[in-house]
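Hello,

Here is the structure I promised to pass on. Please look through the sequence and the picture first, then read the notes below.

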Amino acid sequence: MPTTPRSRSQARTTRPWILPGMDFADSRRKPNFTGKIAVAAALTVMCIIVLKQSPGFSGTNVFSRHEIGVTHVLVTGGAGYIGSHATLRLLKDNYRVTIVDNLSRGNMGAVRVLQRLFPQPGRLQFIYADLGDAKAVNKLFSENAFDAVMHFAAVAYVGESTMEPLRYYHNITSNTLTVLEAMAAHNVNTLIYSSTCATYGEPDTMPIVETTPQNPINPYGKAKKMAEDIILDFTKSKKSNMAVMILRYFNVIGSDPEGRLGEAPRPELREHGRISGACFDAALGIISGLKIRGTDYPTTDGTCIRDYIDVTDLVDAHVKALDKAQPGKVGIYNVGTGQGRSVKEFVEACKTATGASIKVEYLTRRPGDYAEVYSDPSKIHRELNWTAQYTDLGQSLAQAWKWQKAHPNGYGSA
């Protein structure tokens with residue numbers, strides 16, 4: 001824009017050399033020429049200011065600056081099962097989201113689904129990084145303006161944790177410390193932490209309340225409790241004014257009600273995975289049958305009892321926690337239905353949902369498992385106005401089965 005008036009003026013000043021007799025007329029235009037130069041200069045300055053404020057100038061973008069009325073949430077592990085569903089909910093609620101994931105357990109296919117659903121600039125970005133790399137984490141925080149962090153990223157299989165305990169302490173406890181240090185260094189003061197009922201171990205009484213003593217019995221639960229302790233200790237320091245919500249949730253099932261996302265664990269992790277995944281694999285014929293570990297627990301039918309929470313309810317709890325988080329305050333909540341179901345009950349519900357005849361093999365107990373665990377969700381209802389809505393086990397399994405049938409190879413078949 002600023003070159004247009006200048007080029008016209010330059011054309012006029014060259015005319016005396018081509019057409020004699022125009023000197024007088026040209027001299028009368030000199031004041032106008034000076035004015036045009038001033039206007040051009042002013043327009044140039046304005047253009048520079050606008051460019052500096054626009055995405056893409058000098059490497060900046062909307063993700064790198066705070067914006068009034070927009071909450072920018074970093075979702076660690078956002079390519080995973082729970083993290084991707086949480087990201088979907090946040091985007092639907094008009095949050096700005098950055099996913100960070102090293103894809104060791106997550107699926108890029110889930111990220112692509114989210115990108116297709118929310119293609120508008122400034123809504124969603126994906127960054128490949130490992131939270132175990134402190135330099136990469138610091139770079140992530142220095143280049144982005146986060147308002148809050150939802151920390152899901154973690155390895156999360158009880159059986160695997162007993163075989164690879166060091167991996168769990170590093171991935172869960174150490175990586176949480178790295179994230180917390182980056183938050184403190186870059187003044188990001190809201191944390192929603194994804195914890196687990198495994199921190200309670202095997203309590204003497206049921207249901208579990210938030211004040212139930214935490215005595216984890218496997219490395220997964222121990223690593224999560226250590227991470228909780230680090231977070232809580234930091235919030236007590238004078239340097240912290242952090243808003244923290246710790247959500248201890250129970251056994252997650254289900255999938256997005258509209259069929260856009262689902263659970264797609266890596267094949268090599270099937271033996272450690274959730275019981276719902278194993279049921280579906282058996283129904284699809286991917287595995288020959290279902291293996292139930294432990295039939296001699298002190299329960300009604302001898303199998304473990306668990307509280308199964310639908311992933312849609314779970315992410316709703318996270319969003320409500322984010323909305324209610326207050327500086328200098330810590331909230332700790334169980335996220336469950338309050339109802340325990342045995343493994344045998346679960347298998348029967350899965351058979352009904354899939355319509356498949358699933359062969360069941362009964363084996364000895366799995367190391368690190370506990371007999372009975374279910375929640376008392378009254379505190380989260382009272383303080384966050386949250387109550388589980390998807391409490392029909394059969395319906396949750398049917399919805400998840402619908403996604404599995406449409407995606408027999410996970411996101412690779414989408």
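Start at helix H5, residues 108-117, where Gly109, Ala110, Val111, Val113 and Leu114 are buried. What do the buried residues of H5 pack against? Their partners are helix H4 (81-92), strand S2 (96-101) and strand S3 (124-128). Keep in mind throughout that this is a predicted model.

Now the chain as a whole. The protein chain contains 14 helices and 13 strands. It has 414 residues, and buried residues make up 48% of them. Take the contacts in the chain with a separation of 6 or more: 81% of these are accounted for by residues 24 or more positions apart.

In soluble globular proteins, nonpolar side chains tend to be buried together. Here the largest nonpolar core has 46 residues, and Leu90 and Val335 touch the most other members. Helix H11 (residues 311-324) gives this core its largest share, seven residues. Leaving aside residues up to four places away in sequence, Leu90 touches Val73, Val75, Tyr95, Val97, Met150, Val319 and Leu322. Another core, of 38 residues, lies apart from the largest one; among its members are Leu131, Val188, Tyr220 and Val373.

Val319 lies in helix H11. Is Val319 buried or exposed? Its relative accessibility is 8%, and the limit for buried is under 20%, so Val319 counts as buried. Not counting residues up to four places away in sequence, Val319 touches Arg89, Leu90, Asp93, Tyr95 and Met150. Met150 is 169 residues from Val319 in sequence, yet the two are 9.6 Å apart in space, C-alpha to C-alpha.

Lys329 is another residue to look up, in the loop between H11 and strand S11 (330-335). Lys329 and Asn241 are 88 residues apart along the chain, and their C-alpha atoms are separated by 7.9 Å. With residues up to four places away in sequence not counted, Lys329 touches Met242, Ala243 and Val244.

Then there are two helix pairs, and H10 takes part in both.

The crossing in which H10 passes H12 is right-handed. Which residues make the contact? On the H10 side they are Ile275, Ser276, Cys279, Phe280 and Ala283, and on the H12 side Val343, Phe346, Val347, Cys350 and Thr354. Sorted by type, the residues of the contact of H10 with H12 are eight nonpolar, two polar and no charged.

The second pair is H10 with helix H14 (residues 393-406), where the axes come within 11 Å and cross at roughly 55°. H10 and H14 are therefore oblique to each other. Their crossing is right-handed. H10 contributes Ser276, Phe280, Ala283 and Leu284 to the contact, while H14 contributes Leu397, Ala400, Trp401 and Gln404. How do the residues of the contact of H10 with H14 divide? There are six nonpolar, two polar and no charged.

Last, some details of the backbone. The peptide bond from Met206 to Pro207 is cis, with omega near 0°. Pro207 has its place in the loop between strand S5 (190-196) and helix H9 (219-235).

Asn187 is not a glycine, but has a positive phi of about 60°. You will find Asn187 in the loop between helix H8 (165-185) and S5. Its relative accessibility is 58%, so Asn187 counts as exposed.

Asn385 also belongs in this list: its phi is near 55°, a positive value in a residue other than glycine. Asn385 sits in the loop between helix H13 (378-384) and H14. Asn385 is exposed too, with a relative accessible area of 58%.

If you want an order for looking, begin with H5 and its buried residues, go on to Leu90 and Val335 in the largest nonpolar core, and finish with the cis peptide bond from Met206 to Pro207.

Regards

Note on methods. Residues numbered from 1 in each chain as written. Predicted model: local features only at pLDDT ≥ 70, side-chain atom pairs only at ≥ 80, totals over all residues. Heavy atoms only, no water. Left-handed = near helix turned anticlockwise from the far one by under 90°. Helix = DSSP H or I, 4+ residues; strand = E, 2+ residues; numbered from the N terminus. Contact = heavy atoms within 4.5 Å. Nonpolar A, V, L, I, M, F, W, Y, C, P; charged D, E, K, R; others polar. Core = buried A, V, L, I, M, F, W, Y, C linked by side-chain atoms within 4.5 Å. Buried < 20%, exposed > 50% of the residue type's maximum accessible area, 1.4 Å probe, protein only. Axes fitted to C-alpha atoms, helices over the stretch in contact; angles between N-to-C directions. Parallel < 35°, antiparallel > 145°, perpendicular 65-115°, else oblique.
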